[in-house]
Amino acid sequence: MPAFYRRRRTYKYTLDTPYQLVTPLRPPQTVGNGFLRLHPDGTLAIAAHYSWDGASGPMPDLPSIVRGSLVHDALYQLIREGALAAKPHRREADQLLRSLCLADGMSYLLAQWVYLCVRVFGGLFVRSPQRALRNT
């Protein structure tokens, strides 16, 4: 089933329809939030109206990276929110990104470059943005 999205100002894309994909990530129980659910069988369900920012850094938003960036951003969000442990799930999310890029027509060398970039810099994007209020 194809996924549909649209560009936005804050985020580059928003899903117009729900999207579902079986991933290699297997949490012991269903985890997620209002837009994302990852089930123990590996099924990642992303609700319509979920927004993401596409490729990061020097990587252009080629058609062959849009789906991979959707899934990768969703999985990194679950890691940031504490629903998934960074180890081993971050590596699995990065490998899945590479696999989806290849499946969607990206060249092997460019997919390897994307994978290397997320392995080197992705750790910066799985940290929670939440900060505690100071008691003043």
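This presentation covers a pocket, a pair of strands and the salt bridges of one structure.

Good morning. Please keep in mind throughout that the model is predicted.

I begin with the largest pocket. Its volume is about 660 Å³, and 28 residues line it. Nearest the centre of this pocket lie Asp53, Gly54, Ser56, Asp73 and Phe125. In composition, the lining divides into 16 nonpolar, 9 polar and 3 charged residues. Which elements supply at least two residues each to this lining? They are β7, spanning 51-52, α1, spanning 63-80, and α3, spanning 108-121. Of the lining, α1 provides the largest share, with 7 residues.

The partner of β3 is strand β6, residues 43-46, and the two pair in the antiparallel sense over 4 bridges. Within this pairing, glutamine 20 stands opposite alanine 45 of β6.

The remaining topic is charge pairing. Side chains of opposite charge can pair when their charged atoms come close. How many salt bridges does the model contain? The count comes to 4.

One of them joins aspartate 61 and lysine 12, with 2.7 Å from N to O. This pair links distant parts of the chain, 49 residues apart: aspartate 61 sits in the loop between β7 and α1, and lysine 12 in the loop between β1 and β2. Aspartate 61 has 22% relative accessibility, so it counts as partly exposed. Lysine 12, at 29%, is likewise counted as partly exposed.

Another salt bridge is formed by arginine 67 and aspartate 104, whose closest N and O atoms are 2.9 Å apart. Here helix α1 holds arginine 67, while aspartate 104 belongs to the loop between α2 and α3, 37 residues apart in the chain.

Arginine 119 and aspartate 94 also form a salt bridge, with the closest N and O atoms 2.7 Å apart. This bridge connects helix α3, which carries arginine 119, to helix α2, which carries aspartate 94, the two residues being 25 apart. Finally, salt bridges with shared partners join Arg90, Asp94 and Arg119 into one network.

Thank you for your attention.

Definitions and conventions. Residues numbered from 1 in each chain as written. Predicted model: local features only at pLDDT ≥ 70, side-chain atom pairs only at ≥ 80, totals over all residues. Heavy atoms only, no water. 1 Å grid on protein atoms, 1.4 Å probe; cavity = no way out; pocket = protein on both sides within 12 Å on 5 of 7 lines; lining within 4 Å. Points joined across faces, edges and corners; volume = space filled by probe spheres on them. Nonpolar A, V, L, I, M, F, W, Y, C, P; charged D, E, K, R; others polar. Pairing = 2+ DSSP bridges. Salt bridge = Lys/Arg side-chain N within 4 Å of Asp/Glu carboxyl O. Buried < 20%, exposed > 50% of the residue type's maximum accessible area, 1.4 Å probe, protein only.
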